[in-house]
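Please read them with the model open.

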Amino acid sequence: MGCFTFIKVMMVLFNLMIFLGGGTLLGVGIWVSVDSSSFMKIIGPFSSSAMQFVNVGYFLIAIGAILVVLGFLGCCGAQRESKCLLIIFFSIVLIIFIAEIAGAVVALVYTSMAETLLQALVQPVLKNEYGKQTDVTQIWNTTMGELKCCGFNNYTDFNNSYYYNQNGNTYPKYCCYSTIVSCTEARAKNSGIEGCFRQLITIFKQNAAIVGGVAAGICALELAAMVVSMYLYCHIDKS
């Protein structure tokens with residue numbers, strides 16, 4: 001077996017696994033979106049809190065669809081020795097790779113800008129929707145309960161908010177250490193519970209090695225996929 005044939009077979013097998021994995025995620029995503037109640041019964045009570053952070057069904061559908069398309073292009077492109085499919089595969093992986101690098105640079109360099117942008121988006125939601133909209137309230141309750149945080153910056157995000165005015169000038173219980181009594185401004189101030197953004201940054205820093213390792217592994221796979229697809233693209237006519 002020559003080098004070209006070996007790489008071609010590996011390309012087909014690798015992308016076949018990607019295609020099957022993407023199909024599985026796509027199927028689960030559709031199942032969750034269509035029949036979320038039965039899905040939640042199967043995976044247990046954890047699902048109810050996890051699904052409040054993100055619409056898991058649509059997220060899985062999006063990721064699954066991307067993997068299915070990539071797997072199909074890579075597998076068929078290598079098997080049929082199609083330059084068109086291989087260059088499309090290469091282009092999509094390259095776009096994803098560049099987007100990941102750009103996102104990492106923005107996250108590292110412009111953290112303060114990201115905080116300002118998120119604050120401008122989140123604070124109006126806390127002031128106007130928390131306590132009024134059930135889904136928004138549940139998401140923030142789960143976030144504050146799991147991360148042991150209060151608001152985006154701190155308890156002051158709830159000043160003159162809908163929740164604050166409707167609950168006798170008090171704050172959510174997550175803004176105070178004691179949940180037995182009402183969380184007044186004095187108790188919230190004395191508790192000094194941090195905002196959720198700072199908690200997320202702290203958690204990210206604590207797990208930076210794991211996150212970095214996973215990111216490096218994904219980037220290495222993407223680079224390998226691009227190199228192999230370009231190798232096949234350049235050697236198809238020669239073979």
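1. Pairing order. Number the bonded cysteines of the protein in sequence order, and the pairing reads 1-6, 2-3, 4-5. The search of the whole structure finds 3 disulfides, a disulfide being a pair of cysteine sulfur atoms within 2.5 Å.

2. Basis. This is a predicted model, in which local features need pLDDT of at least 70, side-chain atom pairs count only at pLDDT 80 or more, and totals for chains, interfaces and linings use all residues. Residues are numbered from 1 along each chain as its sequence is written, and side-chain values use heavy atoms, with hydrogens and water left out.

3. Cys149 and Cys196. Their sulfur atoms sit 2.0 Å apart in a disulfide. The torsion about the S-S bond is about 80°, so this disulfide is right-handed. Cys149 lies in the loop between α7 and α8 (162–166), while Cys196 is in helix α10 (residues 196–206), so the pair ties together parts 47 residues apart in sequence. Helices here are DSSP runs (H or I, at least four residues), numbered from the N terminus. Both Cys149 and Cys196 are buried, meaning under 20% relative accessible area, against over 50% for exposed and in between for partly exposed (1.4 Å probe, protein chains only).

4. Cys150 and Cys175. This disulfide has its sulfur atoms 1.9 Å apart. The S-S torsion is about 70°, so the link is right-handed. The pair connects distant parts of the chain, 25 residues apart: Cys150 in the loop between α7 and α8, Cys175 in the loop between α8 and α9 (185–191). Both Cys150 and Cys175 are buried.

5. Cys176 and Cys183. A disulfide joins these two, at 1.9 Å from S to S. The link is right-handed, with 80° about the S-S bond. Are Cys176 and Cys183 buried or exposed? Cys176 is buried, and Cys183 is too.

6. Two further cysteines. Cys219 has 18% relative accessibility, so Cys219 counts as buried. Cys234 has a relative accessible area of 41%, so Cys234 is partly exposed.

7. Thr143. This residue is in helix α7 (residues 134–147). Thr143 has a relative accessible area of 11%, so Thr143 is buried. Which backbone oxygen lies 2.8 Å from a polar atom of the Thr143 side chain? The backbone oxygen is that of Ile139. A polar contact is a pair of N or O atoms within 3.5 Å; within protein, one must be able to donate a hydrogen and the other to accept it, and residues adjacent in sequence count only if both atoms are side-chain atoms.

Methods. Helices (H or I, at least four residues) and strands (E, at least two) are DSSP runs, numbered from the N terminus.
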